[in-house]
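Please look over the sequence and the structure shown below before reading the briefing. The notes that follow are grouped by topic.

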Amino acid sequence: MIFGFDPSRDPRKILIWTLVALGGLVMIMPFAFMISTSLKGRGEVYDLRLVPLAPTLENYTYLFRETKFVRWFLNSFSIASISTISVLFFDSLAGYVLCKYRFKGRQVVFVAILSTLMIPTEMLVIPWYVMSKNMGWLDTYWGIMFPGMITGFGVFLMKQFFETVPDALIDAARIDGLGEFRIFWEVALPLVTPALSALAIFTFLGSWTAFLWPLIVTNSSSNYTVPVGLASFSGEFSTEWNMIMTGAAVATIPTLVVFILLQKYIIRGVILSGVKG
Amino acid sequence: MRAWYHARTVGQKQAVWAWIFLALPLFFFIAIRLFPTGYTTYVSLTDWNLLRPKNFIGAANYLRLWNDPIFWQVFWNTFKYLLIGMPISLVLSFLVAYYLDQVRFLQGTIRALYFIPFLTTAAAMAWVWRWFYQPVPIGIFNLILVDLGFSQQPFLRSTSQALGSILAPAIWAGLGFQVVIFLAGLRAIPETYYEAARIDGVGRWTILKEITLPLLRPTILFLVVVSSIGFLRIFDKVYNMTVDGKGGPLNTTRPLVLNIYQLAFTDYRMGYAAAQTMVLFLVLLAVTVVQLRALRTK
């Protein structure tokens with residue numbers, strides 16, 4: 001046995017395990033209630049048992065047919081996908097250059113980018129709003145997306161990870177006559193895929209759950225993202241809790257699926273960027 | 001052009017490529033982050049309301065907020081979120097991580113259960129919790145209280161309970177992240193330290209106090225800062241859990257970010273809102289600087 005104890009015989013360990021596991025179950029109770037209520041009909045809402053007596057998908061059918069949730073879902077999905085692709089490309093390119101190239105001004109550029117990490121979004125929304133108003137970006141996809149197309153965090157993360165790529169490899173590629181961009185794209189980038197996958201997951205989830213800026217920049221309901229749409233929808237349906245829970249479930253289930261599929265990468269990514277960053 | 005390029009040394013060629021690759025990201029960071037920071041600073045010194053041209057009014061917005069009771073209420077609310085939320089979430093997450101670290105059976109699965117709330121949409125979970133807080137027969141918390149023979153609680157409708165009621169899901173959502181970081185910190189402590197202590201016959205409590213906690217100092221500092229910043233920037237939950245997103249009842253739950261949002265995008269008082277974002281920025285900056293200092297002293 002690990003550390004010389006037999007769990008079946010150590011009552012302290014059994015107690016600890018039980019308490020910690022129970023705490024974990026309590027943590028996911030809100031999801032359980034949310035999903036269970038989203039499957040309940042109007043008559044059953046006040047019955048708080050976890051397994052619905054007569055599970056029905058009628059809330060979901062109503063939500064998809066009569067509200068703009070499908071549209072909001074597609075908005076959020078497109079915006080999160082485009083932002084993620086842009087972040088992956090530009091952050092890794094900038095991180096690569098700052099890590100592997102020696103040139104005058106490199107340190108200044110790095111410090112400038114790093115310093116943007118200190119500036120909270122809340123401080124930037126007024127200028128972004130003014131900029132969007134002047135450029136005609138209010139209430140458009142681009143308006144929602146533009147502040148997140150490149151991130152300082154990602155540049156910093158990728159710069160750290162490119163340290164693991166040996167310089168000799170890049171020099172060898174250069175001697176072989178490979179162009180500078182192809183060295184980045186075909187030699188260096190494939191070696192940092194773990195960092196790329198972590199960055200991709202965080203960027204996607206960050207964009208999917210973003211609230212403040214989409215709330216400010218969108219105006220017409222067909223341009224809402226899922227969280228903004230959910231907030232306005234729930235305000236209207238304020239007493240129909242089964243519908244609100246269905247909306248919340250639609251907003252949450254994609255993140256749960258992403259987590260279940262990519263759990264290993266996500267936890268590793270959190271540790272890498274959290275502990276090192 | 002081509003002839004010029006081929007005449008360069010290796011180092012000069014690299015510099016050319018570096019600037020080509022960096023051009024767009026650099027333009028982005030200047031246009032979307034650095035310039036707007038300066039712009040907000042400038043707007044905070046004007047009386048701008050989007051309708052008429054800006055007038056430079058010096059420090060008038062800052063004087064106004066100094067004398068504005070709502071600003072002070074909001075400022076104090078924000079610190080309440082921080083001062084109550086941060087210690088509770090750190091103690092809870094440390095306890096979970098400390099005991100979870102001793103568990104082997106299904107450890108990864110249990111860790112995942114704690115972590116899931118961290119990834120989900122805050123706006124959606126705020127509505128789930130808002131539902132939990134409803135009076136009988138809708139809200140589960142009041143149903144449980146009544147079942148156990150207690151009286152119903154107003155929760156979000158009460159000026160004294162609303163802030164705590166919003167804080168609970170905020171702590172719940174951030175807990176898993178802290179557990180994961182604490183677990184990583186605990187695992188980084190070499191097993192030999194513990195073995196040596198055990199051979200010396202040192203008790204569990206002393207090991208925790210003399211070995212584990214001091215060695216976790218960087219982890220704890222990191223989490224103090226990250227969770228402080230999170231609580232100081234609280235917005236999504238308050239917006240979705242209070243009536244019309246106003247931070248009520250009677251502004252008792254309204255944090256700084258919500259106040260800024262209302263001032264700037266409902267009342268269009270851009271100058272005054274900008275001044276309040278400067279306050280937020282300075283507070284966040286102070287938290288980070290204190291962390292860097294504390295890390296350096298050890």
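**Surroundings of A:Thr218**

Leaving aside residues up to four places away in sequence, A:Thr218 touches A:Asp139, A:Ile144, A:Asn223, A:Tyr224 and A:Val228, where contact requires C-beta atoms, placed from the backbone, to lie within 7 Å. This is a predicted model, in which local features need pLDDT of at least 70 and side-chain atom pairs count only at pLDDT 80 or more, while totals for chains, interfaces and linings use all residues. Residues are numbered from 1 along each chain as its sequence is written, and chains are lettered from A and ligands numbered from 1 in the order in which they are written.

- A:Thr218 sits in the loop between helix H12 (212-217) and helix H13 (226-236) of chain A, helices being DSSP runs of H or I with at least four residues, numbered from the N terminus.
- A:Thr218 counts as buried because it has 22 C-beta neighbours inside 10 Å; the cut-offs are 20 or more other C-beta atoms within 10 Å for buried, 12 or fewer for exposed, and partly exposed in between.

**Contact between the chains**

- The contact draws 69 residues from chain A and 71 residues from chain B.
- On the side of chain A that touches chain B, the largest share, 15 residues, is supplied by helix H14 (residues 241-276) of chain A.
- By class, that side of chain A has 55 nonpolar, nine polar and five charged residues, with Ala, Val, Leu, Ile, Met, Phe, Trp, Tyr, Cys and Pro counted as nonpolar, Asp, Glu, Lys and Arg as charged, and the others, Gly among them, as polar.

**Helices of chain B**

- The axes of helix H4 (residues 69-100) of chain B and helix H8 (residues 162-187) of chain B come within 7 Å and cross at roughly 40°, and H4(B) and H8(B) are therefore oblique to each other, a class left over once angles under 35 degrees (roughly parallel), over 145 (roughly antiparallel) and 65 to 115 (roughly perpendicular) are set aside.
- The residues of the contact of H4(B) with H8(B) divide into 19 nonpolar, six polar and one charged.

**Loop between H12 and H13 of chain B**

- The peptide bond from B:Gly248 to B:Pro249 is cis, with omega near -5°, and B:Pro249 is placed in the loop between helix H12 (236-241) and helix H13 (256-265) of chain B.
- B:Asp244, in the loop between H12 and H13 of chain B, has a positive phi of about 55° although it is not a glycine.
- B:Leu250, which lies in the loop between H12 and H13 of chain B, has a positive phi of about 50° and is likewise not a glycine.

Technical notes:
Axes are lines fitted to C-alpha atoms, for helices over the stretch in contact, and angles run from 0 to 180 degrees between N-to-C directions. Helices (H or I, at least four residues) and strands (E, at least two) are DSSP runs, numbered from the N terminus. Two residues are in contact if their C-beta atoms, placed from the backbone, lie within 7 Å.
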